[in-house]
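Colleague: I'd like to learn how to read a model like this one. Could you take me through it, feature by feature?

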Amino acid sequence: MAPTGFLDLGPGYLDPELVPTDAIGRAYSAALARYGDTALAYGHNQGALPYRAELARHLTRTDAEPWTPAHLLTTSGTSQALDTLASALSRPEDVVLTEATTYDLALNIFRDHGLTVSAVACDAEGPDPEALERTVASVRASGRRVAFAYLIPTFHNPTARLIPTARRNDLVVAAHRQNLLIVEDDAYADLSLDGAETPPSLTALAQWDGALRLGTFSKTLAPGMRLGWLGGSPALCRQLADRGVAHSGGSPSHFTALAVAELMHDRSYVEHLQRLRPRLAHRRDALSATLRERLRPDFTVRPVRGGLFTWVELPSWLSEQEAVARASAVGVLVQPGSRFGSREPAVRLAHSAHPPSRLLSAAADLVGVWNQKG
Ligand SMILES: Cc1ncc(COP(=O)(O)O)c(C=O)c1O
(Lines give C-alpha, C1' and ligand atoms only; values in the text may rest on other atoms or scores of the structure.)
Protein backbone atom coordinates (compact mmCIF):
# COMPACT_ATOMS: atom_id res chain seq x y z
CA MET A 1 0.00 0.00 0.00
CA ALA A 2 1.32 3.45 -0.92
CA PRO A 3 1.48 6.04 1.88
CA THR A 4 -1.58 8.33 1.93
CA GLY A 5 -1.42 11.12 -0.61
CA PHE A 6 0.91 9.23 -3.00
CA LEU A 7 0.05 7.74 -6.36
CA ASP A 8 2.01 4.51 -6.61
CA LEU A 9 3.07 3.61 -10.16
CA GLY A 10 4.92 0.56 -8.84
CA PRO A 11 2.33 -2.22 -8.78
CA GLY A 12 2.11 -4.35 -11.92
CA TYR A 13 -1.42 -5.60 -11.49
CA LEU A 14 -4.91 -4.53 -12.43
CA ASP A 15 -6.87 -1.72 -10.86
CA PRO A 16 -9.79 -3.47 -9.02
CA GLU A 17 -12.08 -1.64 -11.46
CA LEU A 18 -10.59 -3.78 -14.28
CA VAL A 19 -10.99 -7.10 -12.47
CA PRO A 20 -14.12 -9.00 -13.67
CA THR A 21 -15.22 -9.73 -10.10
CA ASP A 22 -18.82 -10.70 -10.92
CA ALA A 23 -17.80 -13.05 -13.73
CA ILE A 24 -15.22 -14.68 -11.44
CA GLY A 25 -17.87 -15.19 -8.75
CA ARG A 26 -20.25 -16.75 -11.28
CA ALA A 27 -17.48 -19.00 -12.58
CA TYR A 28 -16.78 -20.46 -9.13
CA SER A 29 -20.51 -21.16 -8.69
CA ALA A 30 -20.71 -22.71 -12.15
CA ALA A 31 -17.71 -24.95 -11.40
CA LEU A 32 -19.33 -26.09 -8.18
CA ALA A 33 -22.62 -26.77 -9.96
CA ARG A 34 -20.94 -28.68 -12.78
CA TYR A 35 -18.37 -30.71 -10.83
CA GLY A 36 -19.94 -30.92 -7.35
CA ASP A 37 -17.73 -32.47 -4.68
CA THR A 38 -14.93 -33.20 -7.13
CA ALA A 39 -14.36 -29.44 -7.47
CA LEU A 40 -13.47 -29.45 -3.78
CA ALA A 41 -11.40 -32.64 -3.78
CA TYR A 42 -7.66 -32.94 -4.39
CA GLY A 43 -6.94 -32.27 -8.05
CA HIS A 44 -5.31 -34.52 -10.64
CA ASN A 45 -1.50 -34.24 -10.26
CA GLN A 46 -1.03 -32.53 -13.64
CA GLY A 47 -4.13 -30.38 -13.14
CA ALA A 48 -7.85 -30.70 -13.89
CA LEU A 49 -8.43 -31.85 -17.45
CA PRO A 50 -11.20 -29.30 -18.22
CA TYR A 51 -8.76 -26.47 -17.35
CA ARG A 52 -5.92 -27.89 -19.40
CA ALA A 53 -8.25 -28.63 -22.32
CA GLU A 54 -9.67 -25.07 -22.39
CA LEU A 55 -6.19 -23.64 -22.00
CA ALA A 56 -4.86 -25.81 -24.83
CA ARG A 57 -7.63 -24.44 -27.10
CA HIS A 58 -6.82 -20.85 -26.05
CA LEU A 59 -3.09 -21.34 -26.66
CA THR A 60 -3.67 -23.08 -29.99
CA ARG A 61 -5.65 -20.01 -31.13
CA THR A 62 -2.96 -17.57 -29.98
CA ASP A 63 0.30 -19.47 -30.60
CA ALA A 64 1.95 -21.18 -33.55
CA GLU A 65 1.59 -24.85 -32.62
CA PRO A 66 -1.33 -27.06 -31.60
CA TRP A 67 -1.24 -27.23 -27.82
CA THR A 68 -2.80 -30.23 -26.04
CA PRO A 69 -3.66 -30.91 -22.38
CA ALA A 70 -0.61 -33.21 -22.24
CA HIS A 71 1.62 -30.16 -22.84
CA LEU A 72 0.24 -28.38 -19.77
CA LEU A 73 0.74 -28.55 -16.03
CA THR A 74 -1.39 -26.48 -13.64
CA THR A 75 0.57 -24.13 -11.38
CA SER A 76 -0.43 -21.64 -8.73
CA GLY A 77 1.19 -18.91 -10.80
CA THR A 78 4.54 -18.17 -12.36
CA SER A 79 6.36 -17.62 -9.08
CA GLN A 80 5.41 -21.10 -7.89
CA ALA A 81 6.30 -22.55 -11.29
CA LEU A 82 9.77 -20.98 -11.14
CA ASP A 83 10.28 -22.37 -7.66
CA THR A 84 9.21 -25.84 -8.83
CA LEU A 85 11.50 -25.66 -11.86
CA ALA A 86 14.44 -24.57 -9.75
CA SER A 87 13.75 -27.50 -7.36
CA ALA A 88 13.32 -30.05 -10.12
CA LEU A 89 15.87 -28.98 -12.71
CA SER A 90 18.77 -27.37 -10.89
CA ARG A 91 21.37 -28.05 -8.25
CA PRO A 92 22.80 -25.44 -5.87
CA GLU A 93 25.62 -23.46 -7.52
CA ASP A 94 24.19 -23.94 -11.02
CA VAL A 95 23.89 -20.80 -13.12
CA VAL A 96 20.68 -19.29 -14.51
CA LEU A 97 21.11 -17.00 -17.51
CA THR A 98 18.84 -13.96 -17.68
CA GLU A 99 18.42 -10.79 -19.66
CA ALA A 100 20.61 -8.07 -18.10
CA THR A 101 17.47 -6.17 -17.10
CA THR A 102 14.79 -8.53 -15.83
CA TYR A 103 11.95 -9.23 -13.41
CA ASP A 104 13.65 -8.72 -10.07
CA LEU A 105 11.46 -11.03 -7.99
CA ALA A 106 12.31 -14.05 -10.15
CA LEU A 107 15.93 -13.54 -9.15
CA ASN A 108 15.01 -13.97 -5.47
CA ILE A 109 13.47 -17.34 -6.30
CA PHE A 110 16.63 -18.47 -8.08
CA ARG A 111 18.78 -17.30 -5.17
CA ASP A 112 16.60 -19.29 -2.73
CA HIS A 113 17.83 -22.37 -4.57
CA GLY A 114 21.50 -21.41 -4.35
CA LEU A 115 21.63 -20.50 -8.05
CA THR A 116 23.89 -17.81 -9.44
CA VAL A 117 22.46 -15.43 -12.00
CA SER A 118 24.52 -14.46 -15.05
CA ALA A 119 23.28 -11.75 -17.44
CA VAL A 120 23.35 -12.15 -21.22
CA ALA A 121 24.05 -9.05 -23.32
CA CYS A 122 20.95 -7.67 -25.05
CA ASP A 123 20.31 -5.22 -27.86
CA ALA A 124 17.05 -3.49 -28.81
CA GLU A 125 15.56 -6.77 -30.11
CA GLY A 126 16.40 -8.83 -27.03
CA PRO A 127 19.16 -11.17 -25.90
CA ASP A 128 21.99 -11.52 -28.41
CA PRO A 129 22.04 -15.20 -29.51
CA GLU A 130 25.82 -15.19 -29.94
CA ALA A 131 26.29 -13.69 -26.50
CA LEU A 132 23.95 -16.37 -25.14
CA GLU A 133 26.13 -19.10 -26.63
CA ARG A 134 29.34 -17.45 -25.43
CA THR A 135 27.97 -17.12 -21.90
CA VAL A 136 26.91 -20.77 -21.79
CA ALA A 137 30.35 -21.82 -23.03
CA SER A 138 32.20 -19.68 -20.52
CA VAL A 139 30.08 -20.92 -17.57
CA ARG A 140 30.66 -24.51 -18.63
CA ALA A 141 34.39 -23.87 -19.15
CA SER A 142 34.52 -22.75 -15.52
CA GLY A 143 33.20 -26.18 -14.50
CA ARG A 144 29.68 -25.07 -13.60
CA ARG A 145 26.33 -26.20 -14.98
CA VAL A 146 23.81 -23.90 -16.61
CA ALA A 147 20.37 -24.83 -15.26
CA PHE A 148 18.39 -22.84 -17.83
CA ALA A 149 17.95 -19.42 -19.44
CA TYR A 150 15.09 -17.38 -18.00
CA LEU A 151 13.68 -14.97 -20.63
CA ILE A 152 10.64 -12.67 -20.87
CA PRO A 153 10.16 -12.35 -24.65
CA THR A 154 6.69 -10.77 -24.77
CA PHE A 155 6.02 -7.31 -23.31
CA HIS A 156 8.98 -7.65 -21.01
CA ASN A 157 8.87 -6.60 -17.38
CA PRO A 158 10.23 -3.94 -16.89
CA THR A 159 11.04 -2.62 -20.41
CA ALA A 160 7.90 -3.67 -22.40
CA ARG A 161 10.20 -4.96 -25.20
CA LEU A 162 8.77 -7.56 -27.59
CA ILE A 163 11.31 -9.93 -29.14
CA PRO A 164 10.55 -10.17 -32.89
CA THR A 165 10.04 -13.56 -34.55
CA ALA A 166 13.41 -13.68 -36.34
CA ARG A 167 15.30 -13.08 -33.08
CA ARG A 168 13.13 -15.70 -31.37
CA ASN A 169 14.13 -18.21 -34.04
CA ASP A 170 17.81 -17.33 -33.62
CA LEU A 171 17.56 -17.76 -29.85
CA VAL A 172 15.92 -21.17 -30.24
CA VAL A 173 18.65 -22.28 -32.65
CA ALA A 174 21.41 -20.98 -30.35
CA ALA A 175 19.86 -22.71 -27.33
CA HIS A 176 19.56 -26.00 -29.24
CA ARG A 177 23.17 -25.79 -30.30
CA GLN A 178 24.17 -25.43 -26.65
CA ASN A 179 21.67 -27.98 -25.33
CA LEU A 180 20.30 -25.18 -23.17
CA LEU A 181 16.75 -25.15 -21.75
CA ILE A 182 14.82 -21.91 -22.24
CA VAL A 183 12.26 -20.98 -19.59
CA GLU A 184 9.96 -18.45 -21.24
CA ASP A 185 8.00 -16.27 -18.81
CA ASP A 186 4.95 -15.16 -20.80
CA ALA A 187 3.02 -13.38 -18.05
CA TYR A 188 1.90 -10.61 -20.42
CA ALA A 189 1.24 -12.62 -23.60
CA ASP A 190 -2.53 -11.98 -23.54
CA LEU A 191 -2.04 -8.23 -23.17
CA SER A 192 -1.24 -6.95 -26.65
CA LEU A 193 -2.76 -3.47 -26.42
CA ASP A 194 -3.20 -2.39 -30.04
CA GLY A 195 -4.84 -5.47 -31.49
CA ALA A 196 -1.60 -6.80 -33.05
CA GLU A 197 -0.91 -10.53 -32.89
CA THR A 198 2.05 -11.50 -30.76
CA PRO A 199 4.90 -13.50 -32.34
CA PRO A 200 4.97 -17.28 -31.80
CA SER A 201 6.30 -18.33 -28.42
CA LEU A 202 9.88 -19.58 -28.22
CA THR A 203 8.39 -22.82 -26.91
CA ALA A 204 6.20 -23.28 -29.99
CA LEU A 205 9.12 -22.41 -32.28
CA ALA A 206 11.20 -25.04 -30.48
CA GLN A 207 8.23 -27.44 -30.64
CA TRP A 208 8.59 -28.01 -26.89
CA ASP A 209 12.09 -29.40 -27.38
CA GLY A 210 14.42 -27.47 -25.09
CA ALA A 211 11.94 -24.72 -24.19
CA LEU A 212 9.00 -24.34 -21.83
CA ARG A 213 6.52 -21.57 -21.34
CA LEU A 214 4.99 -20.14 -18.15
CA GLY A 215 1.65 -18.34 -18.03
CA THR A 216 -0.40 -16.77 -15.27
CA PHE A 217 -3.87 -15.34 -14.73
CA SER A 218 -2.43 -12.80 -12.24
CA LYS A 219 -2.17 -10.09 -14.89
CA THR A 220 -5.42 -10.67 -16.76
CA LEU A 221 -7.81 -11.80 -14.00
CA ALA A 222 -6.58 -11.41 -10.41
CA PRO A 223 -3.33 -12.34 -8.62
CA GLY A 224 -5.22 -13.62 -5.57
CA MET A 225 -6.59 -16.48 -7.65
CA ARG A 226 -3.05 -17.92 -7.70
CA LEU A 227 -3.48 -19.75 -10.98
CA GLY A 228 -1.12 -20.30 -13.87
CA TRP A 229 0.29 -22.97 -16.13
CA LEU A 230 3.51 -24.48 -17.34
CA GLY A 231 3.64 -25.48 -21.01
CA GLY A 232 6.30 -27.99 -21.92
CA SER A 233 6.85 -31.37 -23.52
CA PRO A 234 4.44 -34.06 -22.29
CA ALA A 235 7.43 -35.90 -20.76
CA LEU A 236 8.48 -32.83 -18.76
CA CYS A 237 4.90 -32.19 -17.59
CA ARG A 238 4.61 -35.82 -16.44
CA GLN A 239 7.99 -35.57 -14.69
CA LEU A 240 6.93 -32.45 -12.79
CA ALA A 241 3.52 -33.97 -11.95
CA ASP A 242 5.28 -37.00 -10.52
CA ARG A 243 6.92 -35.10 -7.67
CA GLY A 244 6.12 -35.79 -4.03
CA VAL A 245 4.32 -32.50 -3.58
CA ALA A 246 1.79 -33.44 -6.29
CA HIS A 247 1.35 -36.99 -4.95
CA SER A 248 0.63 -35.54 -1.53
CA GLY A 249 -1.41 -32.44 -2.44
CA GLY A 250 -2.55 -32.90 -6.03
CA SER A 251 -2.44 -30.00 -8.43
CA PRO A 252 -2.32 -26.48 -6.95
CA SER A 253 -5.36 -24.18 -7.22
CA HIS A 254 -7.67 -27.03 -8.32
CA PHE A 255 -11.03 -25.33 -7.64
CA THR A 256 -9.81 -22.07 -9.18
CA ALA A 257 -8.61 -23.96 -12.27
CA LEU A 258 -12.13 -25.36 -12.72
CA ALA A 259 -13.61 -21.87 -12.31
CA VAL A 260 -11.24 -20.47 -14.95
CA ALA A 261 -12.13 -23.40 -17.22
CA GLU A 262 -15.74 -22.15 -16.97
CA LEU A 263 -14.61 -18.60 -17.86
CA MET A 264 -12.81 -19.92 -20.92
CA HIS A 265 -15.56 -22.35 -21.90
CA ASP A 266 -18.35 -19.74 -22.08
CA ARG A 267 -15.97 -17.19 -23.71
CA SER A 268 -16.13 -14.85 -20.70
CA TYR A 269 -12.33 -14.84 -20.53
CA VAL A 270 -11.87 -13.84 -24.19
CA GLU A 271 -14.63 -11.24 -23.93
CA HIS A 272 -12.99 -9.87 -20.79
CA LEU A 273 -9.67 -9.58 -22.66
CA GLN A 274 -11.42 -7.81 -25.54
CA ARG A 275 -12.75 -5.20 -23.08
CA LEU A 276 -9.58 -5.05 -20.99
CA ARG A 277 -7.07 -4.35 -23.78
CA PRO A 278 -8.54 -1.02 -24.98
CA ARG A 279 -9.05 0.10 -21.40
CA LEU A 280 -5.41 -0.64 -20.63
CA ALA A 281 -4.39 1.03 -23.89
CA HIS A 282 -6.25 4.16 -22.77
CA ARG A 283 -4.30 4.12 -19.50
CA ARG A 284 -1.04 3.43 -21.33
CA ASP A 285 -1.72 6.46 -23.53
CA ALA A 286 -2.57 8.67 -20.57
CA LEU A 287 0.81 7.88 -19.06
CA SER A 288 3.33 6.96 -21.69
CA ALA A 289 2.05 9.03 -24.62
CA THR A 290 2.00 12.10 -22.37
CA LEU A 291 5.56 11.45 -21.25
CA ARG A 292 6.74 10.77 -24.81
CA GLU A 293 5.18 13.98 -26.13
CA ARG A 294 6.21 16.28 -23.31
CA LEU A 295 9.49 15.10 -21.82
CA ARG A 296 12.66 16.74 -23.20
CA PRO A 297 14.05 14.90 -26.24
CA ASP A 298 16.98 13.48 -24.29
CA PHE A 299 14.60 11.19 -22.38
CA THR A 300 13.70 7.91 -24.12
CA VAL A 301 10.21 6.59 -23.50
CA ARG A 302 10.17 3.02 -24.85
CA PRO A 303 7.19 2.06 -27.04
CA VAL A 304 4.57 0.07 -25.13
CA ARG A 305 2.75 -2.30 -27.47
CA GLY A 306 1.57 -4.49 -24.63
CA GLY A 307 1.81 -5.39 -20.99
CA LEU A 308 1.59 -3.12 -18.00
CA PHE A 309 4.76 -1.04 -17.95
CA THR A 310 6.37 2.07 -19.37
CA TRP A 311 10.18 2.23 -19.28
CA VAL A 312 11.78 5.66 -19.32
CA GLU A 313 15.53 6.00 -19.94
CA LEU A 314 16.92 9.10 -18.29
CA PRO A 315 19.25 11.72 -19.76
CA SER A 316 22.83 11.89 -18.46
CA TRP A 317 22.06 14.96 -16.33
CA LEU A 318 19.30 13.23 -14.29
CA SER A 319 20.31 10.33 -12.04
CA GLU A 320 17.90 7.56 -11.25
CA GLN A 321 17.93 8.46 -7.57
CA GLU A 322 17.16 12.10 -8.39
CA ALA A 323 14.32 11.11 -10.78
CA VAL A 324 12.74 8.90 -8.11
CA ALA A 325 13.14 11.63 -5.47
CA ARG A 326 11.67 14.35 -7.73
CA ALA A 327 8.71 12.09 -8.52
CA SER A 328 8.13 11.37 -4.86
CA ALA A 329 8.27 15.10 -4.04
CA VAL A 330 5.17 15.57 -6.25
CA GLY A 331 3.44 12.51 -4.74
CA VAL A 332 4.23 9.95 -7.46
CA LEU A 333 6.09 6.72 -6.65
CA VAL A 334 8.11 5.09 -9.45
CA GLN A 335 10.50 2.15 -9.49
CA PRO A 336 14.21 2.74 -10.15
CA GLY A 337 15.56 0.77 -13.11
CA SER A 338 18.50 -0.53 -11.06
CA ARG A 339 16.01 -2.61 -9.09
CA PHE A 340 15.65 -4.69 -12.27
CA GLY A 341 19.40 -4.81 -12.92
CA SER A 342 19.48 -1.96 -15.45
CA ARG A 343 22.95 -0.46 -15.77
CA GLU A 344 21.57 2.61 -17.57
CA PRO A 345 19.61 5.08 -15.40
CA ALA A 346 15.90 4.43 -15.98
CA VAL A 347 12.56 4.22 -14.20
CA ARG A 348 9.60 1.86 -14.56
CA LEU A 349 6.02 3.08 -14.35
CA ALA A 350 2.95 0.83 -14.33
CA HIS A 351 -0.18 2.03 -16.10
CA SER A 352 -2.40 -0.78 -14.83
CA ALA A 353 -3.36 0.14 -11.30
CA HIS A 354 -4.96 3.61 -11.63
CA PRO A 355 -7.67 5.30 -13.70
CA PRO A 356 -6.64 7.36 -16.77
CA SER A 357 -7.42 10.73 -15.16
CA ARG A 358 -4.98 10.07 -12.30
CA LEU A 359 -2.33 8.79 -14.72
CA LEU A 360 -2.70 11.92 -16.85
CA SER A 361 -2.18 14.21 -13.90
CA ALA A 362 0.74 12.08 -12.61
CA ALA A 363 2.36 12.25 -16.06
CA ALA A 364 1.96 16.05 -16.12
CA ASP A 365 3.54 16.29 -12.64
CA LEU A 366 6.44 14.06 -13.70
CA VAL A 367 7.06 16.13 -16.83
CA GLY A 368 7.11 19.25 -14.63
CA VAL A 369 9.80 17.97 -12.28
CA TRP A 370 11.87 15.79 -14.64
CA ASN A 371 12.24 18.42 -17.36
CA GLN A 372 14.05 20.81 -14.98
CA LYS A 373 17.69 20.68 -16.01
CA GLY A 374 20.17 21.81 -13.38
C1 LIG B 1 7.50 -11.34 -15.66
C2 LIG B 1 6.69 -11.75 -14.47
N3 LIG B 1 6.64 -13.04 -14.12
C4 LIG B 1 5.90 -13.45 -13.07
C5 LIG B 1 5.19 -12.56 -12.29
C6 LIG B 1 4.43 -13.08 -11.10
O7 LIG B 1 3.46 -13.99 -11.54
P8 LIG B 1 2.52 -14.79 -10.55
O9 LIG B 1 1.62 -13.82 -9.88
O10 LIG B 1 1.80 -15.72 -11.44
O11 LIG B 1 3.38 -15.51 -9.56
C12 LIG B 1 5.22 -11.22 -12.61
C13 LIG B 1 4.50 -10.23 -11.78
O14 LIG B 1 4.85 -9.07 -11.73
C15 LIG B 1 5.99 -10.81 -13.73
O16 LIG B 1 6.05 -9.53 -14.09
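Modeller: Let's start at the interface of domain 1 and domain 2, where 11 residue pairs are in polar contact, both partners at pLDDT 80 or more. Keep in mind that this is a predicted model. On the domain 1 side that touches domain 2, H11 and strand S12 (309-313) each supply at least two residues. H11 gives the largest share of that side, with 10 residues.

Colleague: Which residues belong to domain 1 and which to domain 2?

Modeller: Domain 1 takes in 7-19 + 270-370, and domain 2 covers 22-267. Their centres, taken over C-alpha atoms, are 26 Å apart.

Colleague: How do I read the size of an interface?

Modeller: The size is often given as the accessible area lost when the parts come together. Here domain 1 and domain 2 bury about 2500 Å² between them, and 55% of that is on carbon and sulfur atoms. In residues, 30 from domain 1 are in contact with 27 from domain 2.

Colleague: And what about charges: how many salt bridges are there between domain 1 and domain 2?

Modeller: The general idea is that side chains of opposite charge can pair when their charged atoms come close. Between domain 1 and domain 2 the count is 3 salt bridges, while a search of the whole structure finds 19. Among the salt bridges in the structure is the one between aspartate 15 and arginine 283, at 2.9 Å from N to O. Aspartate 15 sits in the loop between strand S1 (7-8) and helix H1 (21-35) and arginine 283 in helix H11, so this pair ties together parts 268 residues apart in sequence. Glutamate 271 and arginine 267 also form a salt bridge, at 4.0 Å from N to O.

Colleague: H11 keeps coming up. What span should its 27 residues have?

Modeller: At 1.5 Å a residue, helix H11 (residues 268-294) should span 39 Å; the end C-alpha atoms are 38 Å apart, which agrees. There is also a kink of about 35° in H11, centred on aspartate 285.

Colleague: Last one: what should I look for in the backbone?

Modeller: Most residues other than glycine have a negative phi, and most peptide bonds are trans. Glutamate 93 has a positive phi, near 80°, and lies in the loop between helix H3 (78-89) and strand S3 (95-99). As for peptide bonds, the one joining asparagine 157 and proline 158 is cis, with omega about 20°. You'll find proline 158 in the loop between strand S7 (146-151) and helix H6 (165-177).

Terms used
Residues numbered from 1 in each chain as written. Predicted model: local features only at pLDDT ≥ 70, side-chain atom pairs only at ≥ 80, totals over all residues. Heavy atoms only, no water. Helix = DSSP H or I, 4+ residues; strand = E, 2+ residues; numbered from the N terminus. Expected span 1.5 Å × (residues − 1). Bend = angle between axes of the 7 residues up to and from the residue. Domains from an automatic or database assignment. Contact = heavy atoms within 4.5 Å. Buried area = accessible area lost by both parts, 1.4 Å probe. Salt bridge = Lys/Arg side-chain N within 4 Å of Asp/Glu carboxyl O. Polar contact = N/O pair within 3.5 Å; in protein donor to acceptor, adjacent residues only side chain to side chain.
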